[in-house]
Amino acid sequence: MEAGNQTGILEFILLGLSGDPELQPFIFGLFLSMYLVTILGNLLIILAICSDPHLHTPMYFFLSNLSLVDICFSTAIVPKMVVNIHTENKAISYMDCLTQVYFSMFFPVLDTLLLTVMAYDRFVAICHPLHYTVIMNPRLCGLLVFVTWFIGVMTSLLHISLMMHLNFCRDLEIPHFFCELTQVLKLACSDTFLNSTLIYFMTGVLGVFPLVGILFSYSQIASSIRKMSSSGGKQKAFSTCGSHLSVVSLFYGTGVGVHFTSAVTHSPQKVSVASVMYTVVTPMLNPFIYSLRNKDVKGALGRLLSRATSCL
């Protein structure tokens, strides 16, 4: 393969979290376990929401979409890593790597936008309760979800379309456990100025602006809660927002942690370890946060499991 000849690229090499052979069985078992917990937990949330008429509301409609995104995000990354460890083969084909880059951008964008939509839903429910059913009608909810998926698709396609014009050098080792966009760009021989500019621009638009929207929504929610006279009303408002705030804090906290780690350290291994938080740990914890802190979800899960056991 000639240096800079993209057509000759057969595969990249994913170096993973550690090159120590003694750690590979532990990493294999840990990531496989977390992946299975992620799939099971989020799938139970989706099934509980679909099967319980009491949860057929906008808030839980958005939550079921968030659980679906978490399942897909983990599936785009973890299985390939686990297979590579099991087969002791760190290679990933050029097209598979591009596919992984696409989905590793697509699903975090969906997470960000869905969390913003969920914050708006809580804002309407608490600040405008009398108009909630009129404002958050099924048509608007469906439109909001469609827009989030559309933005995610178009944003990721734009990144991939620019990447496909790049030429890559001989050294195709990626110091990560998946094909992360910035790590792949470092292997390019051709100019990546447009790619880097697009990353910074999209990070600002799809990272900062949704966060501002979430903070604004909760500032209005906090103002409305302070005006409530009944302690029961305040407690109910806090309970409906607590789970969402926990997920938002976890999502943005891990994302900021990864960027902070990459900024202060030159060790790719430390960046990879930090990336585990938002790619694997966060999707695994989300269903637990919503089920443990939400009486409606716990009740629906209990009824779902009781029906399942009675059928056995």
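**View 1. An open sheet of 3 strands, in the order β2-β1-β3, with mixed pairing.** This is a predicted model, in which local features need pLDDT of at least 70 and side-chain atom pairs count only at pLDDT 80 or more, while totals for chains, interfaces and linings use all residues. Residues are numbered from 1 along each chain as its sequence is written, and side-chain values use heavy atoms, with hydrogens and water left out. Strands here are DSSP runs of E, at least two residues long, and helices are runs of H or I, at least four, both numbered from the N terminus. Two strands pair if DSSP finds at least two bridges between them. On one side of β1 (residues 11–14) sits β2 (residues 91–93), antiparallel to it and joined by 3 bridges; Phe12 has Ile92 as its bridge partner there. With β3, β1 pairs in the parallel sense over 2 bridges, and Leu14 is partnered by Ile174. β2 and β3 are the edge strands, each with a single partner, so one side of each has no neighbour in the sheet.

View 2. Contact, here and below, means heavy atoms within 4.5 Å.

**View 3. A disulfide between Cys97 and Cys179.** The structure holds 1 disulfide, a pair of cysteine sulfur atoms within 2.5 Å by the cut-off used. For Cys97 and Cys179, the S to S distance is 2.1 Å. The link spans distant parts of the chain: Cys97 belongs to α3 (residues 94–127), Cys179 to the loop between β3 (173–174) and α6 (181–185), and 82 residues separate them. The torsion about the S-S bond is about -120°, so this disulfide is left-handed. Both ends are tucked away, with Cys97 buried at 1% relative accessibility and Cys179 buried at 0%. What about Cys127? Cys127 is in no disulfide, and the nearest cysteine sulfur, from Cys241, is 8.8 Å away. Cys127 is buried at 18%, and Cys241 is buried at 4%.

**View 4. Inside the nonpolar cores.** A nonpolar core is a set of buried Ala, Val, Leu, Ile, Met, Phe, Trp, Tyr and Cys residues joined through side-chain atoms within 4.5 Å. The largest one has 87 residues, and the members touching the most others are Phe12, Phe31, Met163, Phe168 and Val184. Helix α3 gives this core its largest share, 19 residues. Zoom in on Met163 and, leaving aside residues up to four places away in sequence, it touches Tyr94, Leu98, Val101, Phe168, Leu181, Val184, Leu185 and Asn195. A second, separate core has 5 residues, among them Val109, Leu198, Met202 and Leu206.

View 5. An unreviewed UniProt entry lists "transmembrane region" for residues 26–48, 60–81, 101–120, 140–162 and 198–218. Those positions follow the numbering used here, feature names are shortened, and annotations may be inferred rather than shown by experiment. Residues 101–120 are 100% helix and 0% strand, with end C-alpha atoms 29 Å apart. Residues 198–218 are likewise 100% helix and 0% strand, with their end C-alpha atoms 30 Å apart.

View 6. Leu47 sits in helix α1 (residues 24–51) and counts as partly exposed, at 42% relative accessibility. Leu47 and Ala300 are 253 residues apart in sequence, yet their C-alpha atoms are 9.2 Å apart in space. Glu88 lies in the loop between α2 (58–87) and β2, and its relative accessible area of 73% makes it exposed. Where does the phi of Glu88 fall? It is near 55°, a positive value in a residue other than glycine. Most residues other than glycine have a negative phi.

Terms used:
Buried means under 20% relative accessible area, exposed over 50%, partly exposed in between (1.4 Å probe, protein chains only).
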